[in-house]
Amino acid sequence: MVYCPKCGKKFLETPESCDFCGEIFQEENRFNKGIKIFDTIGVILAVISLILAYYLRNNKNTTLLEVLFILIFFIIMFMFLSKRVRGYVQSLFIRLWFKGQKTKQCPQCENLVSDDKFCFSCGYKLENVKGYYKLGGRFNPVYVELNKNYIRMFKTYSTRYETHRLEPIEYKISDIKDPEINWCEARLFTSPCLKFSYDLKEIILPYHPRMKPVLEELFPNLISTEVGGLINWFINQNKTKITILITIFLILVVGLNYYFTAKTELSLISTSSEIPNLEVTNSSAYRMVYGPNNIIITGNVKNNGKKVLKYVQVYCVGYDSAGEIVNQHSTYLNLYKDSNSGEILKPGETAYFEAHVDDYNHQIVKYKVIVYQDTFWMENS
Ligand SMILES: [Zn+2]
Ligand SMILES: [Zn+2]
């Protein structure tokens, strides 16, 4: 079913022109064509991604194609599995396709419309529509239609993929008393609102500055308070609530920071070297309080001798408070990072090491560092 945008006459299928008022249905036929093209692009993308998927199954190491495939795959996922995203992409496409037309939404059926008198898709009288606004959060937005004769508010409920509008609540313009733009306190924050009395009750609707010119046109007696700006927003918040919120936020930040950085320092028993003229400097060890079950021992090894050294390893041992060995671990010096020469430690050079010693029961309190040479590799190289 379609409707003539000029006179509202109902047709079963889109005709070339309206037989009542003579309106030519050029835009509408173009719109249908646009939707067909949009769907065709989707099908073509789907086919391409299937072909790519088949091709990738038989050819490994084709990273660019993989990226392309994933991209196209996601476009299709978004467009055809999520109605919300599909609607968004489709309306972008239609806006591009029509350039300047189809810029508004019909408050009744939510399809894109031009400056017509009647909605082509549902026949709603657009002439009286002054504005249609989506307000509030992403998860439960509220839609408000400002109409010459009434204000309608649609509350919504959201599922994972879609937002559904509920039946509108309607307020007749002629029955609205004392309209006012002001700040209204909600559960958490105070935000701009449209307040009025209706049927002896106070009604509060969400407000956006875009609505102001229309509201001024609808209500010559509108009282409006300045509601723009971040500072203004802050000033108008409930002081107690905002203090509690900031406090909770700070506690969270401090707590999380402590959680992720809290360390227990371990004490060093001794450092020694089996290789002459090697010295361990700046050694320290710690355990993350809320981290994995190991201790991390770091330090530097300096070559004070005149020989070039290869296969230098660091042996780290963890002891409990009674002086018993809990665990140990050997690691090579981090020569590739610290030394320009690769795997050797030249005279005068210093290299960093980091060893991770397992400590499942958090027993280790002391540690030793011993530097030695890996003789197996020395003899076999
Ligand atoms: Zn007509
Ligand atoms: Zn409509």
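Me: Before we start, two strands pair if DSSP finds at least two bridges between them. What makes β12 and β13 a pair here?

Reply: Strand β12 (residues 190-198) and β13 are joined by six bridges in the antiparallel sense, and the definition asks for at least two, so they pair. One of the bridges links L194 to L205 in β13. Do keep in mind that this is a predicted model, where local features need pLDDT of at least 70, side-chain atom pairs count only at pLDDT 80 or more, and totals for chains, interfaces and linings use all residues. Residues are numbered from 1 along each chain as its sequence is written, while chains are lettered from A and ligands numbered from 1 in the order in which they are written.

Me: In what order do the four strands of the open sheet stand?

Reply: The order is β13-β12-β11-β14, with mixed pairing. β13 (201-206) and β14 (223-224) are at the edges with a single partner strand each, so one side of each has no neighbour in the sheet. Strands here are DSSP runs of E, at least two residues, and helices are runs of H or I, at least four, numbered from the N terminus.

Me: How do you know that the span of helix α1 agrees with its number of residues?

Reply: The expected span is 1.5 Å times one less than the number of residues. For the 33 residues of α1 (residues 26-58) that gives 48 Å, and the end C-alpha atoms are 48 Å apart, so the two agree.
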